[in-house]
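This report is for a reader new to the structure shown below.

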Amino acid sequence: MRIVLLGPPGAGKGTQAERLIERLRVPHLSTGEMLRAAVQNLTEIGKQAEIYMSSGRLVPDEVVERLVIERISEPDCRPGYLLDGFPRSAHQARMLDSLLAERGSAIDAVVNIEVPDEELKQRLSYRGRADDDAAVVCKRLEQYHELTEPLTAYYQQRGVLRNVDGVGAPEEIFDRIMDELRTVGAAG
Ligand code: AMP
């Protein structure tokens with residue numbers, strides 16, 4: 001199964017991803033984590049990405065796409081994977097679709113975790129990570145609404161979108177996600 005986790009920053013994608021990979025036994029592909037590792041290791045990609053990440057903007061498509069193409073081509077991804085934080089733009093979504101189509105596969109489900117902006121701002125201001133200061137939080141939300149949110153319509157049209165209410169206890173939200181995944185046969 002190939003699953004995408006979609007949702008605004010602060011929606012709990014990372015938390016849910018940890019639970020999901022344990023239950024579904026697939027690799028966790030987080031572009032945020034890949035990029036943070038690249039920044040720490042001072043790689044060429046890391047140097048390019050840092051300025052965007054620290055200001056709350058999306059890293060250019062070609063940089064992120066390169067990371068994802070390499071990662072999903074590895075053997076452990078053949079049975080499936082959980083993409084967390086990718087795609088985040090129309091270009092990335094189309095790239096992913098055509099890459100998978102070339103290989104005779106497709107995304108099975110896109111889980112969209114929905115949380116209102118007011119709640120997100122509260123959550124993010126408590127998280128205390130370097131990329132979480134107020135101006136950066138606002139920029140990240142703005143970039144989400146402008147560039148990432150339109151992907152819900154894109155995946156709705158393809159019949160793979162599953163909306164999940166992201167307000168509540170993490171275990172409740174996890175149950176909601178599993179219920180949705182059962183409807184697409186992506187979970188036992
Ligand atoms: P995340 O941990 O998923 O919230 O990502 C942290 C930061 O990494 C984001 O604010 C972006 O700057 C960058 N990033 C992660 N995934 C992507 C992506 N698919 N496209 C562009 N930038 C990304």
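How are helix 6 and helix 7 oriented to each other? The model is predicted, so local features need pLDDT of at least 70 and side-chain atom pairs count only at pLDDT 80 or more, while totals for chains, interfaces and linings use all residues. Residues are numbered from 1 along each chain as its sequence is written, and side-chain values use heavy atoms, with hydrogens and water left out.

**Helix pairs**

Helix 6 and helix 7 are oblique to each other, the class left over when angles under 35 degrees count as roughly parallel, over 145 as roughly antiparallel and 65 to 115 as roughly perpendicular. Helix 4, in turn, is roughly parallel to helix 5. The table gives both pairs; axes are lines fitted to C-alpha atoms, for helices over the stretch in contact, and angles run from 0 to 180 degrees between N-to-C directions. Helices are DSSP runs of H or I with at least four residues, and strands are runs of E with at least two, numbered from the N terminus.

| Pair | Axis approach | Crossing angle |
|---|---|---|
| helix 4 and helix 5 | within 10 Å | roughly 30° |
| helix 6 and helix 7 | within 10 Å | roughly 140° |

In helix 6, D117, L120, K121, L124 and R127 are in contact (heavy atoms within 4.5 Å) with V137, R140, L141 and H145 of helix 7. This contact has four nonpolar, one polar and four charged residues. On helix 4, D61, V64, E65, I69 and I72 meet H91, Q92, M95, L96, L99 and L100 of helix 5. Here the classes are seven nonpolar, two polar and two charged residues. Nonpolar covers Ala, Val, Leu, Ile, Met, Phe, Trp, Tyr, Cys and Pro, charged covers Asp, Glu, Lys and Arg, and the others, Gly among them, are polar.

**Cores**

A nonpolar core is a set of buried Ala, Val, Leu, Ile, Met, Phe, Trp, Tyr and Cys residues joined through side-chain atoms within 4.5 Å; buried means under 20% relative accessible area with a 1.4 Å probe, protein chains only. The largest nonpolar core has 30 residues, of which I72, L83, L96, V110 and Y155 touch the most other members. Elements giving it two or more residues include strand 1 (2-6), helix 2 (31-40) and helix 8 (151-157). Another core, of 22 residues, lies apart from it and includes A11, L24, V111 and V115.

**N112**

N112 is in strand 4 (residues 109-114) and counts as buried at 3% relative accessibility. Leaving out residues up to four places away in sequence, N112 touches L6, G7, Y144, T152, L161, R162, N163 and V164.

Conventions: Buried < 20%, exposed > 50% of the residue type's maximum accessible area, 1.4 Å probe, protein only.
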